[in-house]
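Hello,

Here is the structure we talked about, with the sequence alongside. My notes on it follow below.

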Amino acid sequence: MRRIAAVLLGLMFCVAVHAHVQPGDTPPDALGTTQDGHEVTVSSLRGKVVVVSFWATWCGYCMKEMPVLANLQSLATRRGLPLQVVTVNYREDRRVFVNTVRALRPRLPGLLMTWDRDGALGRPYGSDKGIPLMVMLRRDGTVAHVHIGYGEDMLDTLVGEINELLAGTTATSAVGHAGGSL
């Protein structure tokens with residue numbers, strides 16, 4: 001009986017290890033609720049490259065990253081590129097989320113800011129392993145890249161991946177087609 005229990009436990013561990021969304025997968029549709037209570041979904045953003053960043057006020061790097069993401073969104077908007085950055089507040093009190101959005105909104109125009117009350121939205125992507133967590137989605141809504149616990153040293157890589165997605169290329173293709181990159 002112990003042997004059967006050990007085998008079942010091992011199988012559950014293997015499933016848990018591989019339960020996170022991987023590149024090529026279709027992600028869950030929900031991306032949280034805005035400050036005004038509107039639901040944001042992956043399906044409503046189809047046709048755009050979507051960068052989803054899970055953040056919290058207690059995550060120092062997350063707070064440093066938000067102006068960078070806002071600048072990318074602003075640049076993409078000015079150039080007419082199909083990009084939407086969604087920043088998802090991870091597991092904080094609604095009051096903290098609303099007050100933070102109110103304070104940041106004037107400095108971070110263009111970011112779509114949503115709330116993940118209990119961490120359920122981030123869990124399929126690996127938020128249980130840590131934040132910051134960034135997920136990049138192709139225009140068809142499938143997962144292209146997942147980055148967990150990255151830092152400033154990854155900035156060039158992240159921008160390169162976004163440019164590849166905007167250009168519709170793969171990692172081995174040339175980056176920066178005219179009019180298709182940040």
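**The loop around D25**

The side chain of D25 reaches the backbone nitrogen of Q22 at 2.8 Å. D25 sits in the loop between α1 (2-17) and β1. With a relative accessible area of 32%, D25 is partly exposed. Leaving aside neighbours within four places in sequence, D25 is in contact with H20, T142 and V143. The C-alpha atoms of D25 and A144 are 8.3 Å apart, although 119 residues separate the two along the chain.

**Confidence**

Please keep in mind that this is a predicted model. The protein chain has an average pLDDT of 86, and 84% of the residues score at least 70. Where pLDDT is low, the predicted coordinates should not be read in detail.

**Overall make-up**

The protein chain has 4 helices and 7 strands. Read from the N terminus, the elements follow the order α-β-β-β-α-β-α-β-β-β-α. Of the 182 residues in the protein chain, 45% are buried. Among contacts in the protein chain with a separation of 6 or more, 66% are between residues 24 or more positions apart.

**The sheet**

The 7 strands form an open sheet with mixed pairing, in the order β2-β1-β5-β4-β3-β6-β7. β2 (39-41) and β7 (143-148) are at the edges with a single partner strand each, so one side of each has no neighbour in the sheet. From one strand to the next, the twist averages 30 degrees. Strands of a sheet pair through backbone hydrogen bonds, either parallel or antiparallel. β4 and β5 run parallel and are joined by 5 bridges. V88 has T114, in β5, as its bridge partner.

α2 lies across β3, β4, β5 and β6 (133-137), and runs at about 160 degrees to β4. Helix α4 (residues 155-167) packs on the sheet as well, where α4 touches β3, β4, β6 and β7. The direction of α4 makes about 20 degrees with that of β6.

**Helix α3**

Which residues of α3 are buried? In this helix (residues 94-104), they are F97, V98, T100, V101 and L104. These residues lie on the same side of α3, because they cover an arc of only 165 degrees around the axis. An α-helix has 3.6 residues a turn, so residues three or four places apart point the same way. R95, R102 and A103 are exposed on the other side of α3. The buried residues of α3 pack against β1 (30-34), β3 (49-55), α2 (60-79), β4 (83-90) and β5 (112-116).

The N-terminal end of α3 is capped by D93, which has a side-chain oxygen 2.9 Å from the backbone nitrogen of R95.

H147 lies in strand β7. Is H147 buried or exposed? Its relative accessibility is 13%, so H147 counts as buried, the cut-off being under 20%. The side chains of H147 and E161 are joined by a polar contact of 2.6 Å. Not counting residues up to four places away in sequence, H147 touches P132, L133, M134, M136, M154, L158 and E161.

**Two backbone details**

One of the residues that H147 touches is P132, and the peptide bond from I131 to P132 is cis, with omega near 10 degrees. P132 belongs to the loop between β5 and β6. The other detail concerns R91, in the loop between β4 and α3. R91 is a residue other than glycine, yet its phi is positive, near 60 degrees. Most residues other than glycine have a negative phi, and most peptide bonds are trans.

Regards

Methods. Residues numbered from 1 in each chain as written. Predicted model: local features only at pLDDT ≥ 70, side-chain atom pairs only at ≥ 80, totals over all residues. Heavy atoms only, no water. Buried < 20%, exposed > 50% of the residue type's maximum accessible area, 1.4 Å probe, protein only. Arc of directions from axis to C-beta. Contact = heavy atoms within 4.5 Å. Polar contact = N/O pair within 3.5 Å; in protein donor to acceptor, adjacent residues only side chain to side chain. pLDDT = per-residue confidence, 0-100. Pairing = 2+ DSSP bridges. Axes fitted to C-alpha atoms, helices over the stretch in contact; angles between N-to-C directions.
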